[in-house]
Amino acid sequence: MNNQISVVIPLIHKNDSLRNIQIFKEEKLVGQIILLSEEEINLNQDNTIITPNHKNTFTFQKISENVQSDYILFSLNGKPLFPAQFMLQRFIKVINNTDSVFIYSDFYETENNNLKKHPTIDYQPGSLRDDFDFGEVVFIKTSAFKEAVSRMDVDYEFSAFYDLRLKLSLLGNLFHIPEYLYTVATSEDIGSEENHFSYVDPRNRKVQIEYEKVCTRYLSDINALVGPEFKSINLDRNDFKFEASVVIPVRNRVKTIGDAISSVLSQKTNFPFNLIIVDNHSTDGTSEVIESYKIKDDRVVHIIPGRMDLGIGGCWNEAVHSEFCGKFAIQLDSDDIYKDENTIQTIVDTFHNEKCGMVIGSYQITDFNLNELPPGLIDHREWTPDNGANNALRINGLGAPRAFYTPLLREINIPNVSYGEDYAVGLEISRTYKIGRIYDSLYLCRRWEDNSDAKLDIERINQNNFYKDKIRTIELLARKNRI
């Protein structure tokens with residue numbers, strides 16, 4: 001079993017990389033160390049691949065040419081690593097027992113001299129996010145690695161690892177070991193807004209275009225591409241009393257529901273609209289606030305569901321299937337407000353002008369007092385008419401505010417959950433119908449201490465990501481099966 005593993009380490013911080021090299025040199029199973037560096041470094045007969053960028057295709061091709069062992073252990077970011085007891089033996093056993101081509105594990109991070117658990121999640125067919133968290137170490141069968149690299153026929157500058165792991169997924173399993181097999185000596189701010197919305201940051205546009213190309217190529221390889229021609233939709237139904245309904249699901253938002261209601265009632269349109277508030281059994285005074293507006297304005301519809309098992313998606317279904325719902329159902333969260341008095345008119349005009357089944361706008365992130373917070377405007381300009389429906393499987397959200405053609409939404413229905421329900425519906429609609437986009441700000445999304453999007457811990461982030469990966473898996477299978 002000796003000398004079965006080649007360890008690949010990017011030289012990002014020299015001292016950290018040299019420390020990692022020394023640690024792995026002491027492992028009997030390691031027969032080769034490959035350092036990815038901008039300059040030649042003497043490793044005593046080990047390899048140095050000279051590359052200014054360890055994320056490009058050239059680097060992976062050079063690794064493939066130089067690797068000499070049965071397995072490759074990649075240090076993805078060059079951070080200080082400390083293997084757990086028998087880490088390498090465990091990797092070898094699991095990759096063979098599961099007949100996988102690529103494995104990864106949970107790990108610890110050090111924080112104030114304490115160990116902090118960093119669990120990862122299982123890989124699924126729908127785990128197409130380019131930012132999927134594999135941790136800091138992945139373990140790959142060299143034979144599969146060489147085969148995947150041989151298929152990398154496009155030179156990417158930033159996204160070679162993404163290209164590699166999608167191609168590996170065509171060759172075999174990507175397997176998660178739910179064990180803490182190493183420690184990383186640093187911890188990142190994994191829950192920051194900037195990190196969460198990196199895919200819409202204009203500074204990252206060049207990188208995101210590459211990622212989109214990789215994902216689109218993969219979807220083509222598995223016969224899961226849709227569009228750019230979509231099914232036409234007839235928006236001329238006239239059996240609705242209201243042209244539009246704003247839908248607000250709410251539970252215990254006494255501090256913000258009044259602002260949201262006022263934002264809707266101040267809208268100016270050339271058609272009749274109403275406001276449907278689905279009050280999910282609030283206990284903090286929210287119901288009384290809603291009633292105070294209902295008394296003053298008969299456009300306010302206050303629905304308290306007869307059942308107790310509804311999430312946000314279920315509350316939406318209550319509104320959309322009610323007799324009060326207009327032809328178009330427009331989203332507003334109970335924490336938020338519309339940017340100005342023209343939002344509803346702008347959205348409905350877009351439906352009619354573009355003949356689409358769904359319209360998605362743009363929004364600004366603010367604090368409770370409406371002061372803008374980084375990253376500011378979220379406009380999802382990564383969406384393109386030709387490929388947006390495919391790229392939607394790579395990113396983690398579609399934007400807001402969201403609006404739907406009600407007859408279509410009544411056919412689809414919304415998953416009865418409180419996270420990702422809108423994304424699931426958006427993906428399903430985008431499979432068949434055009435989605436209209438508005439890139440001007442329509443909506444102010446407030447962040448505050450009780451907000452559901454406040455900074456999350458790793459367990460909640462994993463839970464959310466696993467569910468969205470599951471949504472993508474369902475949608476991917478539907479597209480492959482041409483449902």
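**Notes on the cores and helix contacts**

1. Start with Ile248. Leaving aside residues up to four places away in sequence, Ile248 touches Ile257, Ala260, Val264, Leu275, Ile276, Ile277, Val278, Leu332, Asp333 and Ser334. Keep in mind that this is a predicted model.

2. Which residues touch the most other members of the largest nonpolar core? They are Phe74 and Ile248, and the core holds 110 residues. In soluble globular proteins, nonpolar side chains tend to be buried together.

3. Next, look at Ile5. This residue sits in strand S1, which covers residues 5-10. Is Ile5 buried or exposed? Ile5 counts as buried, because its relative accessibility is 0%; the cut-off for buried is under 20%.

4. What does Ile5 touch? Not counting residues up to four places away in sequence, its contacts are Leu29, Val30, Gly31, Gln32, Ser69, Tyr71, Leu73, Leu88, Ile92 and Phe139. Ile5 and Asp153 are 148 residues apart in sequence. In space, they are 26 Å apart, C-alpha to C-alpha.

5. Now the helices. Helix H4 (residues 142-150) packs with helix H5 (residues 160-169) at an angle of about 110°. Their axes are 9 Å apart. Angles of 65 to 115 degrees count as roughly perpendicular, so H4 and H5 are roughly perpendicular to each other. The crossing of H4 and H5 is right-handed.

6. Which residues make the contact between H4 and H5? H4 supplies Ala144, Phe145, Ala148 and Val149. H5 supplies Leu164, Lys167 and Leu168. By class, this contact has six nonpolar residues, no polar ones and one charged.

7. Compare a second pair. Helix H14 (residues 421-432) and helix H15 (residues 458-480) have axes that come within 10 Å and cross at roughly 15°. An angle under 35 degrees counts as roughly parallel, so H14 is roughly parallel to H15. H14 and H15 also cross in a right-handed way.

8. The contact between H14 and H15 draws on both helices. From H14 come Tyr423, Ala424, Leu427, Glu428, Ser430 and Arg431. From H15 come Lys468, Ile471, Arg472, Glu475, Ala478 and Arg479. How do the residues of this contact divide by class? There are five nonpolar, one polar and six charged.

Note on methods. Residues numbered from 1 in each chain as written. Predicted model: local features only at pLDDT ≥ 70, side-chain atom pairs only at ≥ 80, totals over all residues. Heavy atoms only, no water. Axes fitted to C-alpha atoms, helices over the stretch in contact; angles between N-to-C directions. Helix = DSSP H or I, 4+ residues; strand = E, 2+ residues; numbered from the N terminus. Parallel < 35°, antiparallel > 145°, perpendicular 65-115°, else oblique. Left-handed = near helix turned anticlockwise from the far one by under 90°. Contact = heavy atoms within 4.5 Å. Nonpolar A, V, L, I, M, F, W, Y, C, P; charged D, E, K, R; others polar. Core = buried A, V, L, I, M, F, W, Y, C linked by side-chain atoms within 4.5 Å. Buried < 20%, exposed > 50% of the residue type's maximum accessible area, 1.4 Å probe, protein only.
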